[in-house]
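These are my notes from going through one model, entry by entry.

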Amino acid sequence: MSGRAAGGDDARDRASGGGIRHVALETARAEAPALVAFLALLGFREVAAPAGLEEIALWLERDGAQVHVLFEESPVAPPRGHLAVACGEDYEATLGRLRDAGFEPRPRREYWGSPRAYVRGPGGHLVEVMAFPPAPAAGA
């Protein structure tokens with residue numbers, strides 16, 4: 001979700017509204033602190049939710065991308081849908097922080113010249129951790 005392969009222009013994307021800028025993950029209110037701590041291992045930090053939304057969600061941000069942690073009585077974690085986080089040069093250190101915290105990343109096939117791993121976070125949310133995001137499609 002964050003960062004770009006060499007040659008990208010994140011400022012231009014933000015100004016034009018390009019790119020996916022947030023994802024919502026459901027969690028029980030009592031489980032939210034565990035999910036927030038897990039997301040902190042990936043570099044996300046809590047930010048203020050807009051007025052009126054703080055009762056239903058927590059907002060976290062990393063490099064302009066946000067995760068909205070939605071409070072639900074019966075939360076659902078999609079079995080295959082996932083949050084993807086591009087860590088750049090921090091990839092190996094991120095995997096180390098996850099392991100140290102008891103989460104075991106599973107290496108995946110390399111795509112786009114980028115190492116990748118999957119890890120399940122609190123509540124069963126699947127997260128793909130990668131060094132770099134996919135390159136833009138030709139002609140994009």
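I took contact to mean heavy atoms within 4.5 Å. The model is a predicted one.

**Entry: His125**

I began with the place of His125 in the chain, which is the loop between β7 (114-120) and β8 (126-130).

I then listed what surrounds His125, setting aside neighbours within four places in sequence. The contacts are Leu25, Glu26, Leu35, Val76, Ala77, Val119 and Arg120. For Glu26 I also noted an atom pair: its backbone oxygen is reached by the side chain of His125 at 2.7 Å.

**Entry: helix α2**

Leu35, one of the contacts of His125, sent me to helix α2, which spans residues 32-41. I looked up which residues of α2 are buried and found Ala32, Leu35, Val36, Phe38, Leu39 and Leu41. After α2 comes Gly43, and I recorded a positive phi for Gly43, near 95°.

I went on to the strand pairs. Strands of a sheet pair through backbone hydrogen bonds, either parallel or antiparallel. Strand β2 (residues 45-47) is antiparallel to strand β3 (residues 57-62), with three bridges between them. In this pair I found Arg45 opposite Glu61 of β3.

On to β3 and strand β4 (residues 65-71): these also run antiparallel, and six bridges join them. Here Leu60 has Val67 of β4 opposite. The hairpin of β3 and β4 has two residues between the strands, and I noted that Asp63 has a positive phi there, near 50°.

**Entry: salt bridges**

How many salt bridges does a search of the whole structure find? It returns four, and I wrote up some of them.

Asp63, already noted for its phi in the hairpin, forms a salt bridge with Arg62, with the closest N and O atoms 3.6 Å apart. I checked the accessible area of Arg62: the relative value is 11%, so Arg62 is buried.

Arg97 and Asp90 meet through their side chains in a salt bridge of 2.9 Å, N to O. I looked up both ends: Arg97 is partly exposed at a relative accessible area of 30%, and Asp90 is partly exposed, also at 30%.

For Glu104 and Arg99 I noted a side-chain salt bridge of 3.4 Å, N to O. Glu104 has a relative accessible area of 53% and is exposed. Arg99, at 38% relative accessibility, counts as partly exposed.

**Entry: the sheet of β5 to β8**

Last, I traced the sheet that holds β7 and β8. In which order do its strands lie? Four strands form an open sheet, ordered β5-β8-β7-β6, and the pairing is mixed. I marked β5 (82-86) and β6 (106-111) as the edge strands, each pairing on one side only. Neighbouring strands in this sheet are turned against each other by 25° on average, ignoring direction.

Of the pairs in it I looked up β5 with β8: these run parallel and are joined by five bridges. Within this pair I noted Leu83, whose bridge partner in β8 is Val127. That brings me back to β8, the strand at one end of the loop that holds His125.

Notes
Residues numbered from 1 in each chain as written. Predicted model: local features only at pLDDT ≥ 70, side-chain atom pairs only at ≥ 80, totals over all residues. Heavy atoms only, no water. Polar contact = N/O pair within 3.5 Å; in protein donor to acceptor, adjacent residues only side chain to side chain. Buried < 20%, exposed > 50% of the residue type's maximum accessible area, 1.4 Å probe, protein only. Pairing = 2+ DSSP bridges. Axes fitted to C-alpha atoms, helices over the stretch in contact; angles between N-to-C directions.
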